[in-house]
Amino acid sequence: MIDWQQVLVLKEEVGEDDFGEVVEMFLEEVEEVLADLGTDTEPSALEASLHALKSSALNLGFSGFADLCASGEKAAGRGEAVDLAAIRSMYADSRAVFDASRP
């Protein structure tokens, strides 16, 4: 669910002093996008939102969430339905694991 190696890489890149602030910034951005997810009925808007979520998730090491966003992004690009509840649930689960074990 969490790629801890990526988390350590991010921590090394931004520095230990700024790590917490950077993580909080990423999490806030993800939660803002999640809050608006699905409010725009255009498939291209959903595709773009899921792409942004996937990118943030990969930076944070949320690998399972990133995979689900990638699948949703592809589905939205094809005009297919996307299970937004599953995406939100995976984020919540990933966030809980991350918060419980964050370095």
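**Aromatic pairs**

I searched the whole structure, a predicted model, and found 4 aromatic pairs. For pairing I took rings of Phe, Tyr and Trp (its six-membered ring) with centres within 6.5 Å; planes under 30 degrees apart count as stacked, over 60 as edge-to-face and the rest as tilted. One of the pairs is phenylalanine 62 with phenylalanine 98, which I logged as tilted, at 5.2 Å centre to centre and 55° between the planes. I noted that this pair links distant parts of the chain, 36 residues apart: phenylalanine 62 sits in the loop between helix H3 (43–60) and H4, phenylalanine 98 in helix H5. Helices here are DSSP runs (H or I, at least four residues), numbered from the N terminus. I then checked burial, and both phenylalanine 62 and phenylalanine 98 are buried (under 20% relative accessible area, with exposed over 50% and partly exposed in between, using a 1.4 Å probe and protein chains only). Trp4, Phe62, Phe65, Tyr91 and Phe98 make up one aromatic cluster.

**H4 against H5**

Next I looked at helix H4 (residues 63–77) and helix H5 (residues 84–101), which pack at about 165° with axes 9 Å apart. Axes are lines fitted to C-alpha atoms over the stretch in contact, with angles from 0 to 180 degrees between N-to-C directions. That makes H4 roughly antiparallel to H5 (over 145 degrees; under 35 is roughly parallel, 65 to 115 roughly perpendicular, the rest oblique). On the H4 side I listed Gly64, Phe65, Leu68 and Cys69, and on the H5 side Ala86, Ile87, Met90, Tyr91 and Ser94; contact means heavy atoms within 4.5 Å.

**H3 against H4**

I repeated this for H3 and H4 and got an angle of about 160°, with the axes 8 Å apart. H3 and H4 are therefore roughly antiparallel as well. From H3, the residues meeting H4 include Leu46, Leu50, His51 and Lys54, and their H4 partners include Phe65, Cys69 and Glu73.

**Glutamate 24**

Last, I looked up glutamate 24, found in helix H2 (residues 16–36). Glutamate 24 is partly exposed, with a relative accessible area of 30%. Setting aside neighbours within four places in sequence, I found glutamate 24 in contact with Arg95 and Arg102.

**Ground rules**

I numbered residues from 1 along each chain as its sequence is written, and side-chain values use heavy atoms, without hydrogens and water. Local features need pLDDT of at least 70 and side-chain atom pairs count only at pLDDT 80 or more, while totals for chains, interfaces and linings use all residues.

Conventions. Helix = DSSP H or I, 4+ residues; strand = E, 2+ residues; numbered from the N terminus.
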